[in-house]
Amino acid sequence: MSLHWNKIDIESTTGAGVVYFNSKMEMLEGLPCKLYKLTYQQSIWTHFHDYFQIWYIAKGTFTHTVNHEVYTIGKGDIFVIPPFTLHSVTISPSEDIEIYGCEFMPSFVNEQLQDMPEEKSFFDVSYLEFFLREEMRPQAQISLDSVTEVKVANVIKDMLMEYEKRVPFFKIHLKAYLLMLLSILVRQVNGEIVKEGFEKSEKYRDIMNSVVDYIHRHYNEDLKLASLCSLSNLSKSTFCILFKEWTGKTFNRYVTDLRIFHSMKMLQQPELTVTDVCYSTGFNELAYFSRIFKKYTGISPSDYRRQAIK
């Protein structure tokens, strides 16, 4: 996914009666993030800003127009507006509202996002990429289920408290809460993907649990990927994908990690030689065992053993 936004020609657009809100005017110096609570708000003409804007609606109803698309926003809804997106808000003067707002520059998530990269080159991009789609509908109105709404409300209220009290290290807390909020919303706007992932996880839960249990019981034997595929009745490609998703590691890496872990424990037993440990943990070549062990720990098995049994 290409990560960028189309910056509006500010002079020509504002000249057409569109308001431009600038972060330098709207935010505190040295803090590219702002929190607030609204219990009264007039309608806002068509405008845009150079920062992200999140509104969580705890009470009230109003109309939100984003790029000429009209949304009726009410209690339990939240929206995320990326920088340089034209939108407006129409609120009845008599409407009883309670809105929690969070505005932030991309650089508050990661300083490298000061100028948004064209490619997904580092992890923190994932917090924002789903809110930079050309098709704004998924994030222009996010209707939260009751459980998620409670989570969102708690996070954004805690953010507001940190922002208002400004006790030492509040910026660290603000960023941590913002990342939590964005991670919750990423799942919400990708509901189908989350549902498919959950169904897939449940479908293969027993199989993968059995595979992992088998590895832990037979780690000291000659474990073959083909044997595990046969045991689980899965093709090699499917097994490798599922195993990585389930454990966070490839099959070979998982087995090696487990063997090294057990070898470190066994090397602490004076009656066992390095050779004993090598073959007892599933390694079938002493030189290979020594090389891998040093790669993991930084020292040879012999040196580790000497330090462990002093």
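Predicted model: local features only at pLDDT ≥ 70, side-chain atom pairs only at ≥ 80, totals over all residues.

Author: Residues are numbered from 1 along each chain as its sequence is written, and side-chain values use heavy atoms, with hydrogens and water left out.

Reader: How many helices and strands does the protein chain have?
Author: Helices (H or I, at least four residues) and strands (E, at least two) are taken as DSSP runs and numbered from the N terminus. On that basis the protein chain has 13 helices and ten strands.

Reader: What percentage of the residues of the protein chain count as buried?
Author: A residue is buried under 20% relative accessible area, exposed over 50%, and partly exposed in between, using a 1.4 Å probe and protein chains only. Of the 310 residues in the protein chain, the share that counts as buried is 45%.

Reader: Which residues of helix H9 are buried, and where do they fall around the helix?
Author: H9 covers residues 236–247, and its first and last C-alpha atoms are 16 Å apart, close to the 16 Å expected at 1.5 Å a residue (the expected span is 1.5 Å times one less than the number of residues). The arc discussed here is that of the directions from the helix axis to the C-beta atoms. Buried in H9 are Phe239, Leu242 and Phe243. Seen down the axis, the buried residues of H9 fall within an arc of 100 degrees, so they line one face of the helix.

Reader: How are H8 and H9 oriented to each other, parallel or perpendicular?
Author: Axes are lines fitted to C-alpha atoms, for helices over the stretch in contact, with angles running from 0 to 180 degrees between N-to-C directions; under 35 degrees counts as roughly parallel, over 145 as roughly antiparallel, 65 to 115 as roughly perpendicular and the rest as oblique. Leu225, Leu228, Cys229 and Ser232 in H8 meet Lys236, Phe239 and Cys240 in H9, where contact means heavy atoms within 4.5 Å. The axes of H8 (residues 225–232) and H9 come within 10 Å and cross at roughly 90 degrees. H8 and H9 are therefore roughly perpendicular.

Reader: What does Phe62 touch, not counting residues up to four places away in sequence?
Author: Phe62 lies in strand S5, residues 62–66, and counts as buried at 3% relative accessibility. Its C-alpha is 6.7 Å from that of Gly74, although Phe62 and Gly74 are twelve residues apart in sequence. With residues up to four places away left out, Phe62 touches Trp55, Ile57, Tyr71, Thr72, Ile73, Phe79, Val89, Thr90, Ile91 and Ile99.

Reader: Is Phe84 buried or exposed?
Author: Most residues other than glycine have a negative phi. Phe84, in the loop between strand S7 (77–81) and strand S8 (87–90), has a positive phi near 60 degrees. With a relative accessibility of 12%, Phe84 counts as buried.

Reader: And is Phe169 buried or exposed?
Author: Phe169 is found in the loop between helix H5 (146–165) and H6, and has a positive phi of about 70 degrees although it is not a glycine. Because its relative accessible area is 63%, Phe169 is exposed.
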